[in-house]
Amino acid sequence: MQRLFSDGHRRAIGLGMEKATMQNLRSLAGVLWILLLPHLAPLAQAQATAQYQQLFSLAPGLGLVTAMAVDSTGNLYLTGGTESASFPATPGAFQTTFGGGVCYAHSGPPDNTTSSFPCPDVFVIKLDPTGKTIYATYLGGSDLDEPTAIAVDAAGNVYVSGSTSSPNFPTTSGAAFSTSAYGSNGFITKLNPQGTALVYSTLLPGVGIGTAISLDSTGAVYFTAVPFFLPFPTSPGAFQPTSNAAYEPVVGKLNPAGSALVYSTFLSGSASGPDGPVIAIDASGNAYIAGTALVAELNSGGTALLYGT
């Protein structure tokens, strides 16, 4: 599929992912590695450095890491976007081939030029505590797919959220939203611990950016997202059932099976543009949301604001 973006629209959908040279990507990977290496056991650093060189420096398809998570045993989970068919996907991974088509970016005056680039896929990588690759997989369709957040549960299942413009983005039967009438949607995808299959994958209809996720002990996913198209489905009794302004974020809870929204509500004032708030959950299921000029606590049912600034 061919897709045209103005610079501003691409910023909104793509979170500012600009066409980068491989030198820039390797530099970003190097910065990440400098941050990670001191946290590895000393005896593992040589092995991990060799693995890093293979994965980040020598593999031309890695792309840009946008989020990471660490589990209780020290395994590292990375997600980001790649525009390359050379990404080092592991045998047996969920998606081993690049799915992206051709996208176009248009620069405004005075240049008024159009450039093409491969539409990026999401990637997900799991590294063990020594830096060895456990799995690496693509996740995406034929258009623009970009992740914004990653989380891991106690069983090693991995959750990724982001935005997609792909009409064939991988979704699962029985998901809350397996199809959408909109050209841009959010997504929440759960990968099994081996990275070989989807546990579930659902769209968030009309969402331009799925901004943040947090998990509770049951495996329910709490999310924030920014709809580009309205109406977004909200739940009965929601704290704020309708949007009052453009780019007003949604706060929601997806059940552990990924098959239905437990609740969803708009939250006024938590964003002033296409960058949404972050979210955290306490043991009671209350959601804490921080965004532009706002810190708020939403009750466990999504029906009332316990406090807000």
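In which loop is the place of aspartate 71? In this predicted model, aspartate 71 sits in the loop that links β2 (64–70) and β3 (76–82). Aspartate 71 has a relative accessibility of 16% and counts as buried, because the cut-off for a buried residue is under 20% relative accessible area. When residues up to four places away in sequence are not counted, aspartate 71 touches Tyr77 and Val152.

The relative accessible area of threonine 79 is 0%, so threonine 79 is buried. With neighbours within four places in sequence left aside, the contacts of threonine 79 include Leu64, Val65, Thr66 and Ala67.

The protein chain as a whole contains 3 helices and 19 strands. Of its 309 residues, 52% count as buried. Among contacts in the protein chain with a separation of 6 or more, 58% are accounted for by residues 24 or more positions apart. The accessible surface of the protein chain amounts to about 12,800 Å², and carbon and sulfur atoms contribute 58% of that surface.

Four of the strands make up an open sheet in the order β8-β9-β10-β11, and their pairing is antiparallel. The edges of this sheet are taken by β8 (145–152) and β11 (198–204). Each of these two strands has a single partner strand, so one side of each has no neighbour in the sheet. From one strand to the next, the twist averages 15°. Within the sheet, strand β10 (residues 185–191) is joined to β11 by 6 bridges, and these two strands run antiparallel. In this pairing, phenylalanine 187 is placed opposite leucine 203 of β11.

With strand β16 (residues 278–281), strand β17 (residues 287–291) pairs in the antiparallel sense over 4 bridges. Valine 278 stands opposite alanine 290 of β17. The hairpin of β16 and β17 has 5 residues between the strands, and glycine 285 in this hairpin adopts a positive phi near 90°. The pairing of β17 with strand β18 (residues 294–298) is likewise antiparallel and extends over 5 bridges. Here glycine 291 faces leucine 294, which belongs to β18. Between the strands of the β17 and β18 hairpin there are 2 residues, and alanine 293 in this hairpin has a positive phi near 55°.

A nonpolar patch on the surface is formed by Val295, Leu306 and Tyr307. Together these three residues have about 260 Å² of accessible area. Leucine 306 belongs to strand β19 (residues 305–308). With a relative accessible area of 46%, leucine 306 is partly exposed.

Key: Residues are numbered from 1 along each chain as its sequence is written. This is a predicted model: local features need pLDDT of at least 70, side-chain atom pairs count only at pLDDT 80 or more; totals for chains, interfaces and linings use all residues. Side-chain values use heavy atoms; hydrogens and water are left out. Two strands pair if DSSP finds at least two bridges between them. Axes are lines fitted to C-alpha atoms, for helices over the stretch in contact, and angles run from 0 to 180 degrees between N-to-C directions. Patches are made of residues with over 30% relative accessible area and no salt bridge: like charges are joined within 9 Å, nonpolar side chains (Val, Leu, Ile, Met, Phe, Trp, Tyr) within 5 Å. Accessible areas come from the Shrake-Rupley method with a 1.4 Å probe; for residues, only the protein chains shown count as cover. A salt bridge is a side-chain nitrogen of Lys or Arg within 4 Å of a carboxyl oxygen of Asp or Glu. Buried means under 20% relative accessible area, exposed over 50%, partly exposed in between (1.4 Å probe, protein chains only). Contact means heavy atoms within 4.5 Å.
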